[in-house]
Amino acid sequence: MIGLNHYLFVSAALFSLGVMGVLTRKNAVNVLMGIELILNSANINLVAFSRYSVASLDGQIFAVFVIIIAAAEAAVALAIVLSMYRIVKSVNLDQADTLKG
Amino acid sequence: MNPEILQDLESFVPEIVLTVALLLVVLADISLPKLRTRVTFLVTAVGLLAALCFTVPLFGAGEKALFYNMVALDRMAVFFKGFLILASFLVLLAAPGSKELSSTHLGEFYALLLGVTLGMLLLASSVDMLMLYLSLEMVSLTSYIMVGYLRHDRQSNEASLKYILFGAVSTGSMLYGITLLFGLTGSTKMPAIREALASGGASGGNGMALLVATALILAGFGFKTAAVPFHFWCPDVYTGAPTPVTAFLSVAPKAAGFATLIRFFFSGMSDTTTSASQWSAFSAMNWTSLLILISIITMTLGNIAALRQDNLKRLLAYSSIAHAGYMMMGAAVLSYEGVQAVLIYLITYLFMNLGAFLVVIEIFNQTNSFNVNDYRGLYRRSPFLAISMTIFLLSLMGIPPFAGFFGKLFVFAAAVNHNLAWFAVIGALNSVVAVYYYARVIKAMIIEGGDEGAGFKLAGTSRALVWIMLLPTVGMVLFWDRIQALTGRSWKFFIG
């Protein structure tokens with residue numbers, strides 16, 4: 001029987017994979033994919049808690065909002081990556097090194 | 001429509017005014033190709049002022065929550081709404097005078113400024129974790145775009161890219177923390193979270209999970225207030241962003257972050273039953289020590305890193321990290337006095353920090369440089385700018401009688417009265433370290449002689465704007481009893 005804990009394990013694994021992707025990838029688009037994983041791990045949590053432990057729809061409604069935010073964030077992030085690409089001709093984050101100190 | 005919602009809308013006028021102004025700016029920007037620069041500026045200015053006028057009467061409305069307990073309407077929220085609108089208004093006045101921004105088309109910038117203001121008002125008043133997350137993202141997404149506003153400038157783009165990647169991870173972690181807290185307490189509403197924690201049902205054997213959830217949520221607050229260890233974006237973004245945007249980021253979203261941090265920890269995670277002016281954390285988890293630790297590391301790291309900066313924007317970025325540490329001190333003592341100290345600190349910080357950035361903008365307009373070495377001999381080229389900058393920096397140091405001194409005084413006093421004298425001593429030692437890097441700039445401007453170029457020609461509007469920042473920084477001491485009374489009345493907030 002699959003219960004709440006199974007879902008929480010999946011979401012924790014997904015969260016860790018997302019953070020790892022953000023920390024290790026050099027390609028800006030890959031980093032954005034890591035961020036999507038983090039947001040979706042939160043969604044799994046929300047829906048699982050809503051279904052198993054909290055007797056209300058609050059969590060599922062929250063998840064819908066998170067999906068919208070994820071789309072908005074991806075749109076803005078990709079626009080910025082594209083604008084950076086026009087100047088640097090690369091989406092490699094190592095190229096973003098003019099600001100330091 | 002539900003009569004309850006209609007009634008709540010009457011108390012929601014400032015936000016509605018900002019939304020209308022935002023739409024008008026977008027419309028004017030596309031429909032009036034000849035007049036659009038002036039019209040969009042005027043609409044934004046009128047919108048912000050009207051929102052401010054509608055905010056003030058709400059101060060006496062008592063403590064309640066609107067829209068089925070989504071946003072609070074209490075004195076604390078109204079105080080922050082007024083503060084944030086004022087900060088946006090001052091930045092709006094500064095924007096057209098900056099060489100970086102005035103070379104681009106500013107209509108969209110004004111629309112973004114209104115959008116971020118609207119988001120901040122909601123952030124400062126949200127009492128539901130869903131509302132908190134949504135408004136936090138609204139503030140973040142608009143500020144990412146504002147940072148990258150100079151589309152053809154490599155540094156602006158790079159700053160924006162770093163900002164969004166760092167911001168998305170921080171707010172994503174915060175979201176994960178919110179979902180854990182939702183699972184543990186069964187609600188997204190702060191009063192319900194507090195009650196679940198108080199009854200112990202949530203923490204039975206889950207103290208560790210609760211601490212992890214709190215730490216993750218703190219990632220979002222730390223990102224907004226630029227507190228260590230979520231400060232890495234701050235120096236790079238402040239350096240790369242157009243200077244008016246830097247000035248804005250260093251004050252307004254930071255203030256909104258503190259508003260929501262205080263609200264979350266005080267009304268969501270504290271035992272409010274013990275006393276009216278003093279709260280205590282639940283025994284299940286000790287998050288006050290976490291805040292104290294973050295505060296100490298933030299101010300120390302900010303001050304030490306600022307010592308070796310030559311770029312003025314970068315120096316002020318680290319200085320703003322240090323100031324976030326001092327303000328966190330007021331929040332960490334968890335008392336009415338501490339909250340009042342944070343509010344006082346924010347009022348003083350608004351004028352002195354915006355003022356310092358304003359002078360940086362004016363000097364960049366003339367010299368094309370942010371480097372402290374190019375500030376040499378400034379006194380001979382523009383005595384007015386040099387003396388104003390000196391006053392702002394002395395105020396940031398915390399030298400009496402300038403405004404900044406009182407902010408620090410109240411924060412340290414709150415710590416001492418809470419039996420945390422050692423905490424106040426660390427803060428005081430930090431302000432001594434800070435004297436060095438501020439004084440270095442003053443020395444370069446006034447004592448050192450440098451490239452003696454021609455005197456600056458300062459536009460009348462820029463001069464007037466510097467005066468607007470200068471007068472409160474110098475004269476706040478004369479109205480001290482009023483400010484104390486205002487902040488003393490503002491700490492009341494909705495606890496459900």
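**Close-up views of a two-chain predicted model**

Chain B has a mean pLDDT of 91, with 97% of its residues at 70 or more; pLDDT is the predictor's confidence in each residue, from 0 to 100. This is a predicted model in which local features need pLDDT of at least 70 and side-chain atom pairs count only at pLDDT 80 or more, while totals for chains, interfaces and linings use all residues. Residues are numbered from 1 along each chain as its sequence is written, and chains are lettered from A and ligands numbered from 1 in the order in which they are written. The scores for the model are ipTM 0.97 and pTM 0.95.

**View 1. Chain B, with 21 helices and 4 strands.** Helices (H or I, at least four residues) and strands (E, at least two) are DSSP runs, numbered from the N terminus.

**View 2. Chain A, which follows the pattern α-α-α.** Here you will find 3 helices and 0 strands. Chain A is more spread out than a compact globule, because its radius of gyration of 17 Å is well over the 13 Å that the globule rule gives for 101 residues.

**View 3. Where chain B touches chain A.** The contact takes 34 residues from chain B and 33 from chain A (two residues are in contact if their C-beta atoms, placed from the backbone, lie within 7 Å). On the chain B side, H7 (129–147), H8 (154–185) and H11 (233–240) each supply at least two residues. H8(B) gives the most, with 19 residues.

**View 4. Helices H13 and H14 of chain B, packed together.** H13(B) (residues 287–306) and H14(B) (residues 312–332) pack at an angle of about 155°, with their axes 7 Å apart. Axes are lines fitted to C-alpha atoms, for helices over the stretch in contact, and angles run from 0 to 180 degrees between N-to-C directions. The two helices are therefore roughly antiparallel to each other (angles over 145 degrees). Among the residues making the contact are B:Leu291 and B:Gly302 of H13(B), and B:Tyr318 and B:Gly325 of H14(B).

Conventions:
Parallel < 35°, antiparallel > 145°, perpendicular 65-115°, else oblique. Rg over C-alpha atoms; globule rule 2.2 N^0.38 Å.
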